[in-house]
Amino acid sequence: MNTYVAVDIGASSGRLILGTVDEGKLKLEEVHRFKNGFTNEDGHDCWQIDHLINEILVGLEKIKARGINRVNLGIDTWAVDYVLVDEDGNKLHNPVAYRDSRTNSAITNLTSALPKEYIYEKTGIQFQNFNTLYQLYTEDKTKLSETDKIMMIPDYLGYVLTGNAVTEVTNASTTQMLNLRQGLFDKDLMSEVDVEEDQFPHLVEAGTLLGSVRRKWRKRYDIPETDVITTATHDTASAVVGTPGFGDNWAFLSSGTWSLLGAELNTPENGLAAFRENYTNEWGAYGTYRFLKNIMGLWIIQKVKEELNDQYSFAELAAFAEKEAPFRTFIDVNDLRFQNPENMIQELQNYAKETEQFVPKTPGELARAIYDNLSLYYADSVHKLSAIIGHPITTLNIVGGGSNVTLMNQLTADLANITVVAGPSEATAIGNIIVQMITAGEIKDVVAGRHLIADSFDLKTFAPHVGIYDSVLAKYQAFLADSK
């Protein structure tokens, strides 16, 4: 029986999850969890990348202690951030986090030379001020001149473990520097940010065997023999692989710190309508495209929970929200003011005051406002997505942590007037493992993997209560239009 390890690292935590197939069912077990976060270094918010490497190896030690002597391993993380590496293979500094303020005006400055339409036609990627393109635009040019290789976060972790450097496409596409037609980094865009083409390691597809963990790590840590497979290294790409969607009329919502809502396409959609709505064409596993919209997501409730001194669980906050009256406050959850405020509760309350609406104060009122407006934004995005791709969406598959929020799932079904299928919550780790299984020859392809997922995990279906919130959605859409 093959044993697979998904290393799944997000902005606040990381895990090592064991995956095996037993009697036709995919079984998961979390064996190691650790914290992640950024700290201020020399005026910038930076990730502690060495900490992540150590925790991966500590997790592998725990696996070896169980008597498991050989594993396959895949790594997925968030997107856009990178490590600068010199010619000796050493990082020049800890990677700057995407929430750092250095790129706040980068889009405006860079697009004064290159129009947005030009960049979008080349890349099909939405405009986010933290995209790698704008991070490199604001990067220290002395550091860039000393850089031999620029590695995305999961590629760097794989490099440190194996000594082999690659750039995996599902994460690389989020840089807003890959040319859709050429399938390579775009020379014009690279020139604008003073980066040479060979400073990125060569591109590889998800499912590429990277190599074995180096002997030096096996000497320092008591770990299994480990073959690293370059899986779909962008966590959203792994989550989409791990979404049990079938047919042509389903969409996905990967609901975590960020909410990523979209459809899996075989060809990109980078026309004028997609550009105007800021939809993106991130590359997926096995020649697909993740045509999606970035939405602020559970980050807002995570910050509120933290600012309430973590005295309530997410489940308790959702229970409080269910007791509150719905839709008393409209919020554009994608407003940049919510990206990294000093105080999220104060920011939400200031927004309500400025727009002359009900001001949420209690934990229940705050949670209700957040879940209401995430659901409204999801419903609006589903309608826009359907119009752009030109066919109806009848099912929305919600995966990730948000799939456990019953209130939000039902609200989304009602507002969008579609069936919502919730689960699995561990879609990212599952998708990571499915790609490993395909590479190992244990399953044939993604379709077979999705059937395995559907057979292995409990999924919950939310049927829409037709028409009950049509007027609310219309008012919210008008609110968004007026707030632009």
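**Close-up views: salt bridges and an open sheet**

Asp50 is partly exposed, with a relative accessible area of 42%. (Buried means under 20% relative accessible area, exposed over 50%, and partly exposed in between, with a 1.4 Å probe and protein chains only.) The model is predicted: local features need pLDDT of at least 70, side-chain atom pairs count only at pLDDT 80 or more, and totals for chains, interfaces and linings use all residues. Residues are numbered from 1 along each chain as its sequence is written, and side-chain values use heavy atoms, leaving out hydrogens and water.

**View 1. Asp50 and Lys91 form a salt bridge.** A salt bridge is a side-chain nitrogen of Lys or Arg within 4 Å of a carboxyl oxygen of Asp or Glu. By this rule the count is 25. In this pair, the closest N and O atoms are 2.9 Å apart. The partners come from distant parts of the chain, 41 residues apart: Asp50 in helix 1 (residues 49–65), Lys91 in the loop between strand 7 (82–85) and helix 2 (106–110). Helices (H or I, at least four residues) and strands (E, at least two) are DSSP runs, numbered from the N terminus. Lys91 is partly exposed, at 25% relative accessibility.

**View 2. Arg102 meets Glu139 in a salt bridge.** The N to O distance is 3.3 Å. Arg102 sits in the loop between strand 7 and helix 2, and Glu139 in the loop between helix 4 (132–137) and helix 5 (141–145), 37 residues apart. Are these two residues buried or exposed? Both Arg102 and Glu139 are buried.

**View 3. Glu354 forms a salt bridge with Arg337.** Their closest N and O atoms are 2.9 Å apart. Glu354 lies in helix 14 (residues 344–354) and Arg337 in the loop between helix 13 (314–322) and helix 14, so the pair ties together parts 17 residues apart in sequence. Glu354 is exposed at 54%. Arg337 is partly exposed at 22%.

**View 4. Five residues join in a network of salt bridges.** They are Asp8, Arg15, Glu30, Arg33 and Glu426.

**View 5. An open sheet has 6 strands in the order 3-2-1-6-12-11.** Its pairing is mixed. Two strands pair if DSSP finds at least two bridges between them. Strand 3 (25–35) and strand 11 (208–212) stand at the edges with a single partner strand each, so one side of each has no neighbour in the sheet.

**View 6. Strand 1 (residues 4–9) and strand 2 (residues 13–22) run antiparallel.** They are joined by 6 bridges. Val7 stands opposite Leu16 in strand 2.
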